[in-house]
Amino acid sequence: PKYLKQLHEATRAGKIEMQVVPDIARNARLSPDHGSLLVDGESFDLVFLCTGVTISPLSQPLFQQIRSDFGVPVVGNFPRLTPALRWLSDADVFVLGCNAMLEIGPGCLNLMGAMRGARLVAESLHQLMWRPRQGKC
């Protein structure tokens with residue numbers, strides 16, 4: 001996708017930094033002001049949490065904190081998502097993989113479901129990444 005090429009170009013140009021943090025849900029906490037995510041003490045402005053293997057997201061500390069701090073809706077032990085796979089319609093928290101089962105259905109566990117979820121989130125991320133910034137330039 002076009003936005004992915006632009007991300008890689010921005011990384012090569014030194015405009016952004018991309019890091020892969022395995023098992024981020026166990027290592028991450030929201031900052032006290034909710035302005036960033038702290039991973040092992042390091043602050044990040046924007047974090048993408050990709051698919052995982054835990055079918056019980058609410059057992060993960062990050063999911064528990066998001067649920068507690070934002071009062072996000074759940075059904076049983078699964079996040080109740082918007083059709084765009086956002087956990088809240090006005091927040092940039094997306095859920096993919098088996099944890100998106102209530103929106104994607106049983107196909108979320110296979111490659112077709114992963115592709116469908118990725119497409120939905122990619123469309124939202126494209127809009128999010130290229131919208132005009134408010135406040136700072």
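Analyst: What follows starts with the model as a whole and then turns to the core.

This is a predicted model, in which local features need pLDDT of at least 70 and side-chain atom pairs count only at pLDDT 80 or more, while totals for chains, interfaces and linings use all residues. Residues are numbered from 1 along each chain as its sequence is written, and side-chain values use heavy atoms, with hydrogens and water left out.

The mean pLDDT (the predictor's confidence in each residue, from 0 to 100) is 76 for the protein, and 68% of its residues reach 70 or more. Confidence is lowest in helix H2 (residues 24-27), with a mean of 60, and highest in helix H4 (residues 101-104), at 90. Where pLDDT is low, the predicted coordinates should not be read in detail.

The protein has five helices and five strands, these being DSSP runs numbered from the N terminus (helices H or I, at least four residues; strands E, at least two). Of its 137 residues, 34% count as buried, a word that here means under 20% relative accessible area, with exposed over 50% and partly exposed in between (1.4 Å probe, protein chains only).

A nonpolar core is a set of buried Ala, Val, Leu, Ile, Met, Phe, Trp, Tyr and Cys residues joined through side-chain atoms within 4.5 Å. The largest one has 19 residues, of which Leu 81, Leu 85, Trp 87 and Val 121 touch the most other members. Helix H3 (61-70) and helix H5 (111-129) each supply at least two residues of this core.

Leu 85 lies in the loop between strand E5 (78-79) and H4, and it counts as buried because its relative accessible area is 0%. Setting aside residues up to four places away in sequence, Leu 85 touches, among others, Val 93, Phe 94, Ile 104, Leu 120 and Val 121, where contact means heavy atoms within 4.5 Å. The phi of Leu 85 is near 70 degrees, a positive value in a residue other than glycine.

As for H3, its buried residues are Leu 62, Phe 63, Gln 65 and Ile 66. They cover an arc of only 160 degrees around the axis, so they lie on the same side of H3; the arc is that of the directions from the helix axis to the C-beta atoms. Gly 71, whose phi is positive and near 60 degrees, follows H3.

In H5, finally, there is also Arg 119, which counts as partly exposed because its relative accessibility is 48%.
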